[in-house]
Amino acid sequence: MLVRYFAAAAEAAGVEEETLSADTVGALRTQLVERYGDTMSRVLRAGSFLVDGVVSRDDARALGARVDVLPPFAGG
Amino acid sequence: MSVDPASERYARQRVLPGFGPAAQAKLARARILVIGAGGLGSAVIPALAAAGVGTIGIIDDDRVEESNLARQLIHGAADVGSAKVASAAATVAGLDPATVVEQHDSRLSPANALELFDRYDLVIDGSDNFPTRYLANDAAVLIGIPLVWGAVAQYGGQAGVSWASVGPTYRDLFPVPPAPDSVESCEVGGVLPTVCAVIGAILATEAIKIVTGVGTPLVGRVITFDALSGGFRELACERDPTALPITGLVDYEALCGLAPLAESITAAELASRLGDAPVLLDVRESWEAEIAQLPGALLIPLASLGGAIDQLDPHAAVVVYCHHGIRSRSALALLRARGFDHAQHLDGGIDAWAREIDPTMARY
């Protein structure tokens with residue numbers, strides 16, 4: 001599965017995208033925190049997981065071919 | 001006087017393939033509301049006016065501050081202290097006196113949003129906070145008009161179109177607002193001025209496309225810009241099948257975790273209690289304290305508070321404050337967790353103090 005990181009998520013990961021294996025959104029979340037530590041943990045608190053273009057609200061959600069990790073921005 | 005779509009001004013647009021006099025006439029008839037005359041609004045508003053949009057509404061209750069001038073190019077040095085909507089309207093009048101500007105010198109709220117949105121064809125959200133972003137999204141859904149949204153932080157920006165009748169909305173991308181302290185604001189994290197210009201230009205372009213029917217709007221797609229790499233990236237976003245329908249407006253401060261806390265103190269209450277000499281704890285950055293500070297306040301930036309908290313007396317009547325009362329909430333939670341049972345935070349921050357208690361205090 002292709003994981004694409006945007007903005008602060010890309011900074012935390014040090015790459016813009018990579019291929020990872022995980023069965024669910026929750027498993028991917030855990031894996032990302034293990035790999036990239038507190039910085040990624042903070043990003044994931046506010047960020048969205050889009051599974052093949054559909055936002056996930058549920059850590060039990062099964063993954064597909066692509067996940068995009070995107071934090072919201074406040075500023076204007 | 002009104003905008004004349006046949007004017008020589010628009011000659012380079014009318015010759016565009018697929019544009020022509022018909023698209024220009026649609027722009028002249030269009031009524032577009034812009035939320036925020038800040039960094040994004042400064043790029044959006046002149047672009048819309050110069051392109052020939054007939055009526056532009058602007059809603060913002062801020063005054064121009066010196067720290068705005070690097071990126072909010074619609075305002076100049078002489079405008080510091082003026083209402084942003086008035087300063088923006090004066091700039092538009094200089095570009096084209098035929099453009100109608102409707103000034104709304106107020107804050108978008110659940111009380112005024114629906115009535116206001118109903119008077120426009122399209123809304124552009126360039127606001128700087130999550131309660132306004134979610135309010136704008138929901139109001140646009142309820143009124144049934146497209147919302148072009150953009151946001152910036154540090155070296156990056158995002159933009160998209162939220163349009164419930166044809167595709168996903170902002171809530172399909174970010175269903176739940178982030179916790180108050182989990183996303184940095186521009187005043188803490190900073191913002192590269194030109195990022196506002198890049199994202200603002202995209203917002204104005206999307207508005208022009210939707211009004212004229214030219215091209216394919218950013219519906220179901222989000223554009224992100226990273227100034228450091230110079231790159232744009234795109235991601236797809238579909239409707240969230242598990243989302244509850246939006247049936248009315250709610251309390252957006254509460255939705256975003258910003259409702260007044262029981263441990264809050266208002267600026268007026270603090271003013272009346274200064275005689276009791278509470279410990280005033282300022283958790284902003286030092287550059288902010290140089291602009292304005294409450295007398296006798298102790299400065300410990302939020303990021304340093306955890307390590308410095310032992311310097312403070314947990315039995316003292318501590319009143320913690322920041323700029324707008326968001327960082328001070330995090331500080332309050334930390335203080336309470338460390339046994340500061342009497343700690344309170346200043347609702348609305350030093351900005352509320354400057355507005356309500358001391359009008360001579362510099363705002364930023």
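**Notes on the predicted model**

1. Residues are numbered from 1 along each chain as its sequence is written, chains are lettered from A and ligands numbered from 1 in the order in which they are written, and side-chain values use heavy atoms, with hydrogens and water left out.

2. The C-alpha trace of chain A spans about 35 × 25 × 20 Å along its principal axes. Buried residues make up 55% of its 76 residues (buried means under 20% relative accessible area, exposed over 50%, and partly exposed in between, with a 1.4 Å probe and protein chains only). Of the contacts in chain A with a separation of 6 or more, 50% are between residues 24 or more positions apart, a contact meaning heavy atoms within 4.5 Å.

3. The five strands of chain A form an open sheet in the order S2-S1-S5-S3-S4, with mixed pairing (two strands pair if DSSP finds at least two bridges between them). Strands S2 (17–19) and S4 (54–55) of chain A stand at the edges with a single partner strand each, so one side of each is left without a neighbour in the sheet. Strand S1 (residues 2–5) and strand S5 (residues 66–70) of chain A run parallel and are joined by four bridges; in S5(A), A:Val69 is the bridge partner of A:Tyr5. Helix H2 (residues 25–46) of chain A packs on this sheet, touching S1, S2, S3 (48–51) and S5 of chain A, and its direction makes about 145° with that of S3(A) (axes are lines fitted to C-alpha atoms, for helices over the stretch in contact, and angles run from 0 to 180 degrees between N-to-C directions).

4. A:Glu17 lies in strand S2 of chain A and is partly exposed, with a relative accessible area of 44%. Leaving aside neighbours within four places in sequence, A:Glu17 is in contact with A:Leu2, A:Val3, A:Arg4, A:Tyr5 and B:Arg233. A:Glu17 and A:Val69 are 52 residues apart in sequence, with a C-alpha to C-alpha distance of 9.8 Å.

5. In chain B, helix H2 (residues 20–29) packs against helix H9 (residues 193–212) at an angle of about 110°, with their axes 9 Å apart. That makes H2(B) roughly perpendicular to H9(B), the term covering angles of 65 to 115 degrees. B:Ala23, B:Lys26 and B:Leu27 in H2(B) meet B:Ile208, B:Val211 and B:Thr212 in H9(B).

6. The buried residues of helix H14 (residues 327–337) of chain B include B:Arg327, B:Arg329 and B:Leu335. Just after H14(B), B:Gly339 takes a positive phi of about 90°. B:Asp310, in the loop between helix H13 (302–308) and strand S12 (318–321) of chain B, counts as exposed at 68% relative accessibility.

Note on methods. Predicted model: local features only at pLDDT ≥ 70, side-chain atom pairs only at ≥ 80, totals over all residues. Helix = DSSP H or I, 4+ residues; strand = E, 2+ residues; numbered from the N terminus. Parallel < 35°, antiparallel > 145°, perpendicular 65-115°, else oblique.
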